Protein chains: 2
Amino acid sequence: MAYEEISSRNTGQNILEIVRQALPGLRKSERKVANRVLEDPNRILNAALAEAAALSDVSEPTVIRFCVAIGCSGYQEFKLRLAHSLALGTTATHSVLSKNDSTAELVEKIFGYTMTSLDWARSHLDTQALGEAIALLSGARSIEFFGLGASGIVALDAQQKFPLFGVPCGAQADTHQQLMTASMMQAGDVAVIFSNTGHTIAMIEVAKVAKDGGAKVIAVSGSRSPLLDHCDVAILVETLDNTDIYTPTISRIAALVVVDILCSAVGLRRDAEHGQRFENMKQLLRNQRVNGPVKTS
Amino acid sequence: MAYEEISSRNTGQNILEIVRQALPGLRKSERKVANRVLEDPNRILNAALAEAAALSDVSEPTVIRFCVAIGCSGYQEFKLRLAHSLALGTTATHSVLSKNDSTAELVEKIFGYTMTSLDWARSHLDTQALGEAIALLSGARSIEFFGLGASGIVALDAQQKFPLFGVPCGAQADTHQQLMTASMMQAGDVAVIFSNTGHTIAMIEVAKVAKDGGAKVIAVSGSRSPLLDHCDVAILVETLDNTDIYTPTISRIAALVVVDILCSAVGLRRDAEHGQRFENMKQLLRNQRVNGPVKTS
DNA sequence: CTCCTTTTTGTAGTTAAAATACATTTTTCT
DNA sequence: AGAAAAATGTATTTTAACTACAAAAAGGAG
């Protein structure tokens, strides 16, 4: 049996998206099935072959032909892939926001799109580069985070987390201060530069200056770009491309997850050493609150 | 260690988690199946009943009894639920971070945990409250965002996005300025307060002051809390609870997605009016970059 | 400790679902 | 309009999932 081939299934993209794209190339009856699937995927997910055929008003073999046409080995595999895609939420197809969308639809679309993109980012992340970054950060005497605009938010987030694990670090907001800080960096320091485009001139300057001073430079970028030429380690965080207005959020969120990974990894290495210090800090925060369940802000 | 607590919360969600919990109550042979599933869920996902039985070294009916024991109607339903869970990433079981984890394992665990939590947040979001918030924000003359610590990052993010759609807004970082800003608010203004705990005293004060001045107050909080008593609309963003070190990230990310939804919804309403202005802004940003593909930062 | 009861597990058979081979209908092009 | 090609449905085969029952193992009382 071809179980080996089937297992590569996971690397595929969203099946509903595939169905939508294949739609024009399908035969008339197959298209009936496709439309049914796009219309109410959950219904199909819980239906057996016979029921799916009845719902689409075609014969059973047609449904199977449809499955084969979109690249599945059969109805069973199709259902498995459908289950995978539905877990991640509605597709990019459905994620085109419309003025007529209800609130519930917006929630579904944006969450779905976010999760699908995260799934994509996960499968495209360069583990090795990440490992190198972790090694650099773990050994750093101090860390500086740089970013502008949306990426500035990510930098701030990183700057807020890393001190918890005993790494002194900072993040500057404006470009002048960033350049000043970068020029003060030296061997043993690590600069982490966030730039989704990787084309922002100010960030490239920062990378050059920091590197000249002897510091190591890590770039977290959305695509292969000029910035990477001036960095020691490049972490590419690819997200689903989308030229739409609402896009930037997802690259930001993916970057935050990457920061989380970096931070956790570095934290794990330093855990034993700084665990107690962290507990003390947590206690201080608690005193800032009225009585109630204790959680982290 | 890290994500241990998830298990109790996650009941009914992730099938692998359910399997892990049911483990002690299972019969000896059923436990063999359970272990096989936990060990290599992807293998089982691509296996037929007969193969699953062979892999676990038990008979086919035993596998079915196992499925029934953990609450599925049969093997088919089990596989569907497994596909769903695997799509969201590795389970909470596997998400307990360990010092021995490879980088790839960390990536898998943290992405998986993030996605599972987003799935949870999505299904627990109060659509109606969200709708009310959108209505308030759409009609606002100006908006102020408030938050401290991790929630401060969320506030900044919101403050960065909303102007794109023509809503004047601000976000203050320190508590004194926050109170000052809040005290200047009046009817027609909207205050959005981010506080994961909802117990932070400074934020409750801000809510009171803003409301007294006649402004509408929207709270985005992780749980039912004192803060909500002083707000007009409460958006609860529930995430998988976890008192551990790494928790704040997920509540932050879930909150960012909610901000995205609010912003998109408000944007859609104002789109026709401000579409051109947005394009102009985008062009300005482009000039800040060296030549290369055009994207948003 | 041995025989009986209860629980657990496997064997064999049944049912149902999915895939295939083939026939019929529809379309298209000369 | 008629033949070739394509598309779709019918009938059959194959395969997988589920069920009934019997054997084996575990537990308990005499």
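**Entry 1**

I began just after H5(B), where B:Asp57 takes a positive phi of about 60°. The model is predicted, and local features need pLDDT of at least 70, side-chain atom pairs count only at pLDDT 80 or more, and totals for chains, interfaces and linings use all residues. Residues are numbered from 1 along each chain as its sequence is written, chains are lettered from A and ligands numbered from 1 in the order in which they are written, and side-chain values use heavy atoms, with hydrogens and water left out.

I placed B:Asp57 in the loop between H5 and helix H6 (60-69) of chain B. The phi value is a positive one in a residue other than glycine. Is B:Asp57 buried or exposed? B:Asp57 counts as exposed because its relative accessibility is 60%; the cut-offs are under 20% relative accessible area for buried, over 50% for exposed, and partly exposed in between (1.4 Å probe, protein chains only).

I then looked at helix H5 (residues 49-56) of chain B itself, where B:Leu49, B:Glu51, B:Ala52, B:Ala53 and B:Ser56 are buried.

In chain A I looked up A:Asp57, which sits in the loop between helix H5 (49-56) and helix H6 (60-69). A:Asp57 has a phi near 65°, a positive value in a residue other than glycine. With a relative accessible area of 59%, A:Asp57 is exposed.

**Entry 2: chain A as a whole**

I noted 13 helices and 5 strands for chain A. Chain A has 297 residues, and 55% of them count as buried.

Among the contacts in chain A with a separation of 6 or more, 68% are between residues 24 or more positions apart.

**Entry 3: a helix pair in chain A**

Two packed helices are described by the angle between their axes and the distance between the axes. I looked up helix H2 (residues 15-22) and helix H3 (residues 28-39) of chain A, which pack at about 140° with their axes 10 Å apart. Here axes are lines fitted to C-alpha atoms, for helices over the stretch in contact, and angles run from 0 to 180 degrees between N-to-C directions.

Which residues make the contact? H2(A) contributes A:Leu16, A:Val19 and A:Arg20, and H3(A) contributes A:Ala34, A:Val37 and A:Leu38. By class, I recorded 5 nonpolar, no polar and 1 charged residues. The classes are Ala, Val, Leu, Ile, Met, Phe, Trp, Tyr, Cys and Pro as nonpolar, Asp, Glu, Lys and Arg as charged, and the others, Gly among them, as polar.

**Entry 4: the cores**

A nonpolar core is a set of buried Ala, Val, Leu, Ile, Met, Phe, Trp, Tyr and Cys residues joined through side-chain atoms within 4.5 Å. The largest one has 94 residues, and those with the most contacts inside it are A:Phe145, A:Phe162, A:Ile235, B:Phe145, B:Phe162 and B:Ile235. Beyond neighbours within four places in sequence, A:Phe145 has contacts that include A:Ala155, A:Phe162, A:Cys169 and A:Phe194. Another core, of 57 residues, lies apart from it, and A:Leu26, A:Leu45, A:Leu80 and B:Phe66 are among its members.

**Entry 5: single residues in helices**

I found B:Leu82 in helix H7 (residues 75-87) of chain B. B:Leu82 counts as buried, at 0% relative accessibility. B:Leu82 and B:Leu45 are 37 residues apart along the chain, and their C-alpha atoms are separated by 6.9 Å. Leaving aside neighbours within four places in sequence, B:Leu82 is in contact with B:Ile15, B:Leu16, B:Val37, B:Pro41, B:Ile44 and B:Leu45.

Next I took B:Thr103, in helix H8 of chain B. B:Thr103 counts as buried at 19% relative accessibility. What does B:Thr103 touch, leaving aside its neighbours within four places in sequence? B:Thr103 is in contact with A:Thr127, A:Leu130, A:Gly131 and A:Ile134.

Notes:
Helices (H or I, at least four residues) and strands (E, at least two) are DSSP runs, numbered from the N terminus. Contact means heavy atoms within 4.5 Å.
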